[in-house]
Amino acid sequence: MKTHLLIAAFLTLSFSGFAQYNSENLELTTNEYSVERYTFENLRIYPIRANDVFRGYHQSVGTFKNLESAIEDDDIEVTESSASGTVNTLFAENKSKDTLYIMAGEVVKGGKQDRVIGQDMVIAPGEKVNLAAFCVERGRWTQSSSKGKNGNDKFDGYFNTSSREIRKAAIVDKNQGEVWNKVAEITAGNNVSSRTSAYTALDGDRDYKETIDKYMKQFKSAWDADNKVVGVVAVTGDKVIGADIFATHNLFVNSYNSLLHSYITDAMTNGKAVTITSEEVQKYLDRFLADEAEQEKALKGNGSMFKHKNRKLHMAAF
């Protein structure tokens with residue numbers, strides 16, 4: 001019996017070794033059709049496809065519901081952490097029977113001021129957690145008209161994933177002042193202003209909405225039906241905006257359309273017509289995936305890695 005257990009353990013370890021986040025298991029799609037199809041104005045997106053070994057190993061990770069759907073369906077309650085509120089901490093309760101995945105960089109509206117979530121998090125059914133957060137609405141600290149069952153101000157709106165620079169300021173730098181600076185740069189760069197200096201004011205600007213809708217028409221849900229796609233690399237001009245890679249297609253699909261707003265906003269604000277070559281993007285990804293043992297160290301200052309139950313669920317490079 002012990003021999004069988006040892007053999008099973010050895011096979012599991014061997015299989016997990018082959019299922020690493022590396023260039024053997026994760027392939028950037030750079031064929032001419034894909035490059036042409038997924039280039040629009042200042043943005044190009046390259047899909048990352050996983051092989052059978054990677055997908056088979058991560059199949060047991062399971063499925064998740066995303067934050068946007070959970071808020072829309074009232075399956076999660078996100079509130080201020082107390083009656084007086086704390087800028088950098090929110091409280092969340094999963095009221096559903098689904099396991100929820102929250103991605104760092106997502107923006108929630110309401111409470112005493114809009115916030116960007118500062119960490120990835122998996123929330124089991126019925127679980128209550130605190131979430132790291134940063135303010136993206138500098139000019140407001142007032143009571144919300146909506147209250148949670150704990151009596152604290154409630155966040156009942158969702159606003160996609162923030163731009164790369166805001167994500168980096170919140171997730172990597174963990175610096176509230178820098179988050180505010182980046183919010184100001186992004187809103188000013190799109191000729192948007194508001195009484196409370198809110199990042200979410202972008203959504204109320206007609207020109208911004210019309211432009212982002214054009215990009216979304218080109219890229220939205222592009223790989224929903226392709227279960228090999230687990231991530232993307234986004235580029236503008238001669239540079240990479242960032243890369244996001246997930247353990248499963250389900251996690252990727254749940255996050256992709258929200259992430260698109262991040263990539264598009266960067267391309268609209270600071271981007272140029274794409275000149276970077278596919279070979280340069282491949283070299284970027286190869287460096288990113290070169291040594292799995294060193295990935296977490298390499299991401300410090302440039303990205304983030306989220307692990308759940310000793311498995312990597314999401315890697316982001318900014």
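These are my notebook entries on a predicted model of one protein chain.

**Entry 1. Whole chain**

I started with the overall dimensions. The chain has 318 residues, and a compact globule of that length would have a radius of gyration near 20 Å. I found 20 Å for the chain, which agrees. Along the principal axes, the C-alpha trace spans about 60 × 55 × 35 Å.

I then looked up the secondary structure and found 10 helices and 16 strands. For burial, 53% of the 318 residues count as buried. The accessible surface comes to about 14700 Å², and carbon and sulfur atoms account for 47% of that.

I also checked how far along the sequence the contacts reach. Taking contacts between residues at least 6 apart in sequence, I noted that 69% join residues at least 24 apart.

**Entry 2. The barrel**

Which strands close into a barrel, and in what order? I traced 6 strands in the order 5-6-11-9-8-12, with antiparallel pairing. From one strand to the next, the twist averages 45°.

I followed strand 11 (residues 128–135) through its partners. Strand 6 (residues 89–94) pairs with strand 11 in the antiparallel sense over 5 bridges. Two of the residue pairs I wrote down are Leu-90 with Leu-131 and Ala-92 with Val-129.

Strand 9 (residues 115–117) also pairs with strand 11 in the antiparallel sense, here over 3 bridges. In this pairing I noted Ile-117, whose bridge partner in strand 11 is Ala-133.

I next looked at a sheet of 3 strands, which is open and runs in the order 4-7-10 with mixed pairing. Its edges are strand 4 (65–66) and strand 10 (121–123), each of which pairs on one side only.

How many bridges join strand 4 to strand 7? I found 2, and the strands run parallel, strand 7 covering residues 100–102. Asn-66 stands opposite Tyr-101 of strand 7.

**Entry 3. Helix 5 against helix 8**

Two packed helices are described by the angle between their axes and the distance between the axes. For helix 5 (residues 164–171) and helix 8, I have an angle of about 115° and axes 8 Å apart.

I listed the residues that meet. Helix 5 contributes Arg-164, Glu-165 and Arg-167, while helix 8 contributes Leu-259, Ser-262, Tyr-263 and Asp-266. By class, the contact divides into 2 nonpolar, 1 polar and 4 charged residues.

I then asked how helix 5 is covered. It is mostly covered, with 6 of its 8 residues buried. The buried ones are Arg-164, Ile-166, Arg-167, Ala-169, Ala-170 and Ile-171.

**Entry 4. Thr-265**

I stayed with helix 8 (residues 249–270), where Thr-265 is placed. Is Thr-265 buried or exposed? Its relative accessibility is 0%, so I count Thr-265 as buried.

Leaving aside neighbours within four places in sequence, I found Thr-265 in contact with Ser-163, Ile-186, Tyr-199, Tyr-208 and Ile-212.

**Entry 5. His-58**

I looked up His-58 next and found it in helix 3 (residues 52–58). His-58 counts as buried because its relative accessibility is 3%, and the cut-off for burial is under 20%.

What does His-58 touch beyond residues up to four places away in sequence? I noted Ala-19, Tyr-21, Ala-247, Thr-248 and Arg-311.

**Entry 6. Thr-236**

My last entry concerns Thr-236, which lies in strand 13 (residues 229–236). Thr-236 is buried, with a relative accessible area of 3%.

Where is Glu-41 relative to Thr-236? The two residues are 195 apart in sequence, yet their C-alpha atoms are 9.0 Å apart in space.

With neighbours within four places left aside, I listed the contacts of Thr-236 as Asn-42, Ile-241, Ala-267, Gly-271, Lys-272 and Val-274. One of these, Ala-267, falls in helix 8 (residues 249–270).

Conventions. Residues numbered from 1 in each chain as written. Predicted model: local features only at pLDDT ≥ 70, side-chain atom pairs only at ≥ 80, totals over all residues. Heavy atoms only, no water. Pairing = 2+ DSSP bridges. Helix = DSSP H or I, 4+ residues; strand = E, 2+ residues; numbered from the N terminus. Buried < 20%, exposed > 50% of the residue type's maximum accessible area, 1.4 Å probe, protein only. Contact = heavy atoms within 4.5 Å. Axes fitted to C-alpha atoms, helices over the stretch in contact; angles between N-to-C directions. Nonpolar A, V, L, I, M, F, W, Y, C, P; charged D, E, K, R; others polar. Rg over C-alpha atoms; globule rule 2.2 N^0.38 Å. Areas by Shrake-Rupley, 256 points an atom, 1.4 Å probe, with all protein chains shown as cover.
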